Amino acid sequence: MAAATLQSCSAGSNMPPRTASEPPADSFQWGRPLDLDGSWAPAPRTSGGLTRIAETSGRRLILHTEGGEVDFVPGVNIGPTVPGTLPGEHGLEAAEYRRWFPQMASVGLRAVRVYTVLPPWFYEELLRYNEENSDAPLYLVHGVWIPEEEFYATHDLFAPAVHGGFKEEISDAVGAVHGDLVRTELRGHASGTYSADVSPWLLGYSIGVEWDPVATRESDRKNAGRTSFSGEFFSSTKDASPTETWLAEMLDHTATAEAERGVSVPLTFTNWPTTDPLDHPDEPIEGEDVVGVDANHIAADRKWSGGFFASYHAYPYFPDFMRHEPALSAYEYGGRPDPYAGYLESLRDHHSEMPVMITEFGVPSGLGVAHLGPLGRDQGNHSEQEAMSMNADMLRIIRDLDLSGAFVFQWADEWFKFTWNTIDYELPGGRRQMWKNPLTNEEHFGLVAMEPGERPAAVIDGDRTEWANNGSQVIFEGHEGVREVRAVKDEGFLYLNVVLDEKNSLDRGLAIGFDVLAEGNGGLPGAPDVGADADYAITMGPDGARSWVRASNDPEAILYGKVDRYFEVDPPDLKPGSGVWNLQKQIMNRPLVVPSTGQERDIEEFDVGELREGNSDPRDARFDSRSLWAATPDGVEMRLPYQLIGFADPSSRRALRITPGGGIKTAQVDRIGIEIAVGGRGYETNGYSWDVWNVVSWHERPKAGLSDFVRAVADVTAP
């Protein structure tokens with residue numbers, strides 16, 4: 001196999017990729033397409049004047065290849081961005097696809113799923129790759145996005161702007177796939193001349209979105225009389241809801257557009273547990289089980305030879321019913337209870353006469369966590385190795401339970417993503433893509449890490465020799481206690497290297513204060529006579545490292561304690577200058593009541609302020625992507641996520657400010673004040689600042705542990 005490389009790029013420029021480092025020690029190395037036994041080249045069939053490469057047959061979805069029938073397809077979702085860009089900007093260029101498609105094949109993935117019409121070069125590069133790799137092509141599952149703004153404005157799928165607009169989107173998607181579309185410019189939409197015909201590798205369409213339950217229920221109520229549709233290829237049954245009837249019409253529109261081109265393909269619509277057709281009486285989160293959308297209420301005519309199947313985005317940690325539903329908790333897989341496997345089995349049982357495919361699954365790596373799942377499959381706080389291992393396990397489960405395919409979410413990390421427990425603190429939201437937040441788990445689902453900078457600004461490994469040549473600034477020099485402090489930054493972290501005057505001085509206790517707002521707190525934790533102006537602090541000692549926020553600017557204490565009253569707080573603690581410091585936490589769940597039992601569950605929080613010691617070098621066998629600090633022979637080096645030191649947006653140097661009443665605002669920061677205490681003695685540095693940035697640099701690498709996932713792909717595709 002060829003050596004793995006770190007690829008370096010700069011959003012907003014035309015800088016070409018280039019090699020930046022050696023292969024990670026325990027990560028997968030890109031190479032030739034993974035050998036999955038036999039040719040995967042399409043072997044078309046024709047009947048009724050329509051050609052197909054895939055079809056449904058009972059519970060199977062069959063892909064016809066020259067190597068034989070395939071009834072399980074491993075795939076991957078591709079997001080629409082690179083760091084520094086938003087989805088509507090279509091920042092992915094041809095070079096990314098040209099690099100990624102062979103890499104996907106080397107992982108063993110044989111299909112890609114996209115959510116909407118992409119720029120012409122996506123289809124051009126897919127065609128190029130498939131023609132050059134005929135025995136290991138990438139099949140395409142194409143999504144079609146609804147006019148979402150119009151739907152949320154009307155809560156009516158049959159409103160003309162939604163109904164007609166979605167049909168136009170479907171027609172454009174079919175045209176893009178077949179290479180016969182010219183699309184004029186429209187804000188947020190891809191445009192151009194589409195001439196690359198990738199239909200020979202079209203595995204199917206998955207139309208629609210994860211249905212908002214409240215909007216969907218309201219649309220059903222507004223259209224209570226619309227309970228049947230009969231088209232040439234698709235119809236709704238007598239039990240269909242208005243939403244299901246609307247979907248039958250849209251599937252028929254898709255089928256008609258393909259049939260006009262002499263093609264039939266398997267069709268499905270997007271769904272997820274929140275709107276699945278099953279009853280979940282143990283679901284405690286309001287709104288997560290109020291409406292169902294059932295593929296069983298839609299039927300494909302026999303002359304539509306491609307057929308119809310059910311599909312779901314299914315993650316192991318959300319909604320909460322997977323933690324509380326007795327039947328799921330009792331379901332055994334692999335010799336132990338596994339609620340996720342139990343849920344998939346319940347979907348399989350419900351759709352007993354049609355194929356079921358999982359079009360999104362996975363867990364994220366990264367520091368932050370937004371929800372807990374059974375068996376430790378949480379929404380975040382996983383090392384890369386843990387995330388890849390869990391993804392491998394879930395892939396095997398999906399195959400073992402006789403489902404038709406599994407598309408991991410997703411290929412590459414995306415910086416613009418947000419999570420419910422950090423979105424309010426990332427302001428302005430329109431600049432979220434300009435920096436990487438390790439506390440936002442949604443940014444870290446990729447098989448490929450998208451890392452800040454052309455290379456790491458500093459490697460946290462206990463060796464400080466690089467600091468003399470990494471562009472860092474000396475912000476303090478002294479002769480005793482603290483000898484030197486250096487600072488440097490990138491789009492993800494502020495890095496500090498603190499040199500002390502005697503070996504193992506961390507045993508004496510180290511505190512670092514960060515002044516980003518006007519108020520201050522009167523002194524640092526454990527060093528009340530130092531750092532009176534600090535708003536955030538790091539403490540280190542024999543028992544580890546922790547990050548703190550002054551109570552009077554703590555969003556957890558103010559928003560969820562004082563305002564929402566999820567837990568008790570002492571009002572004097574929240575007054576400016578109180579001197580009270582709170583360990584930084586992340587909310588993972590609000591207080592809940594399990595409706596079937598009446599069980600009350602307290603707020604769930606994650607101690608994100610417990611900082612992990614370790615190694616951030618992907619080339620090292622001890623690598624953990626969550627590592628934030630390491631002791632050096634004469635001090636400590638650390639990298640601090642911007643949110644932990646108070647920044648709402650480091651790219652525009654804006655700090656987060658929580659008002660006494662729970663308002664969320666920002667304040668401009670000219671320079672961070674940084675003061676250090678060792679053994680209670682204070683050392684004031686020159687502080688640190690940087691220029692506002694509007695262009696980001698980044699590099700990519702296969703995540704550590706990807707080999708585990710590759711082995712699972714080989715297992716699920718074995719004859």
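Select R550 and W581: R550 stands opposite W581 in strand β30. The model on screen is predicted, so local features need pLDDT of at least 70 and side-chain atom pairs count only at pLDDT 80 or more, while totals for chains, interfaces and linings use all residues. Residues are numbered from 1 along each chain as its sequence is written, and side-chain values use heavy atoms, with hydrogens and water left out.

Now widen the selection to residues 544-550, which make up strand β29. Strands here are DSSP runs of E with at least two residues, and helices are runs of H or I with at least four residues, numbered from the N terminus. Seven of the seven residues of β29 are buried, so the strand is largely enclosed by the rest of the structure. Buried means under 20% relative accessible area, exposed means over 50%, and partly exposed is in between, with a 1.4 Å probe and protein chains only.

In a regular strand the side chains alternate between the two faces of the sheet. Colour G544, R546, W548 and R550 for one side of β29, then A545, S547 and V549 for the other; both faces are covered.

Next, show the strands that pair with β29. Two strands pair if DSSP finds at least two bridges between them.

- β30 (residues 581-583) is antiparallel to β29 and joined to it by three bridges.
- β28 (residues 536-541) runs antiparallel to β29, with six bridges between them. A hairpin of two residues connects β28 to β29, and Y536 stands opposite V549.
- β35 pairs with β29 over two bridges in the antiparallel sense. Here A545 stands opposite L611.

Is D624 buried or exposed? D624 is buried, with a relative accessible area of 13%. Not counting residues up to four places away in sequence, D624 touches S383, R612, N615, S616 and R639; contact means heavy atoms within 4.5 Å.

The charged end of R639 sits over the ring of F493, 4.4 Å from its centre. This requires NZ of Lys or CZ of Arg within 6 Å of the ring centre and within 35 degrees of the ring normal. R110 is placed over the ring of W40 in this way, with its charged end 5.9 Å from the ring centre.

**The eight-stranded sheet**

Move on to an open sheet of eight strands, paired in parallel in the order β14-β12-β9-β8-β7-β22-β19-β16. Its edge strands, β14 (267-269) and β16 (310-313), each pair on one side only. Neighbouring strands are turned by 20° against each other on average, direction ignored.

Axes are lines fitted to C-alpha atoms, for helices over the stretch in contact, and angles run from 0 to 180 degrees between N-to-C directions.

**Aromatic rings**

Rings of Phe, Tyr and Trp (its six-membered ring) pair if their centres lie within 6.5 Å; planes under 30 degrees apart count as stacked, over 60 as edge-to-face and the rest as tilted. The count comes to 27 aromatic pairs. Select W211 and W246, an edge-to-face pair at 6.1 Å centre to centre, with 90° between the planes. W211 lies in the loop between β12 and α5 (213-222) and W246 in helix α6 (residues 242-259), 35 residues apart. Both W211 and W246 are buried.

Finish with Y97, F101, F122, Y123, Y129 and Y194, which ring pairs link into a cluster.
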